[in-house]
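Colleague: Could you walk me through this one? I would like to know how it is put together.

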Amino acid sequence: MANRTVHLPVAPLEPLGGTLRKDNWWAGPAATILVLSAFIVYATWRAFEGSAYQWGAYLSPFYSPLLDVGWARKTGLAFLTPAMLILPGPASFRFTCYYYRKAYYRAFAWDPPACGVGERAPHRYNGETKLFVFQNLHRYAMYVAVVFLVILWKDALVAVFGWSDGAHVGLGTLVMLTNVVLLSGYTLGCHSFRHLIGGSVNAYSSAALGALRFRLWKLVTVLNERHMQFAWASLFSVALTDLYIRMVASGILTDVRIL
Ligand code: FES
């Protein structure tokens, strides 16, 4: 049969920001700019501050695991703090996250800013094939994030059992536990993690450990369906956990012992 060219109707291009939408489509991108910018400024400031990250059995997630950077002073890198070595790990996970990519491409690049809204460079997006080709390394960043998650769960347990006068629960313990639960929801709901658990299986009935993998895949899917919510909630919780520990360690706040 002879090939025939089919011409599909092409919607007229809207100018940048132009749209027929009547809703507040700009609210999402605006909130993304605000929250991500605030987080980056705060995390950078804390990484340079290099103090008030530990109090009693509490350890800030920005400074976990506890690294000794005493060697840096001898090598002329006196400005180096543990957080500067730690934060690139989780940051690479968030930066390459499929959800965050959508959010910050829309918010910062306007290509497009939202569905049905005129974009900056119509039909010229080449995203992950050129400048952002490194985004395809997300699955490796996920392995790094899982390691950090294990470390943060250990920190949360230390926040209960690591006191010199025996186990107890303070407000900081609850803050750290909430943070690691939200981070678990975010990390284990990752699209790459879901693929690792069950995405590569053609038939669970014939795969090794198929029944177990199917059950785990269903659990991970529940988290994956809420990935956006976990992404934002865990971003807030990790910053607020650091802030709480900083305030307690600086004497601005007094930790409340609950149990
Ligand atoms: S897709 Fe968002 S963390 Fe992997």
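Modeller: Happy to! Let us begin with a term: two residues are in contact if their C-beta atoms, placed from the backbone, lie within 7 Å. This is a predicted model, where local features need pLDDT of at least 70, side-chain atom pairs count only at pLDDT 80 or more, and totals for chains, interfaces and linings use all residues. Residues are numbered from 1 along each chain as its sequence is written.

Colleague: Among contacts with a separation of 6 or more, what share comes from residues 24 or more positions apart?

Modeller: Take the contacts in the protein with a separation of 6 or more. Those between residues 24 or more positions apart make up 71%.

Colleague: How many helices and strands are there?

Modeller: Both are DSSP runs numbered from the N terminus: helices are H or I with at least four residues, strands are E with at least two. The order along the sequence is α-β-β-α-α-α-α-α-α-α-α-α. That gives 10 helices and two strands.

Colleague: Which elements do the buried residues of α7 pack against?

Modeller: Buried means 20 or more other C-beta atoms within 10 Å of a residue's own, exposed means 12 or fewer, and partly exposed is in between, with C-beta atoms placed from the backbone. In α7 (residues 171-188), the buried residues include Val175, Met176 and Leu183. Their partners are β2, α6, α8, α9 and α10.

Colleague: Is alanine 208 buried or exposed?

Modeller: Alanine 208 sits in the loop between α8 and α9. Because it has 7 other C-beta atoms within 10 Å, alanine 208 is exposed.

Conventions: Expected span 1.5 Å × (residues − 1).
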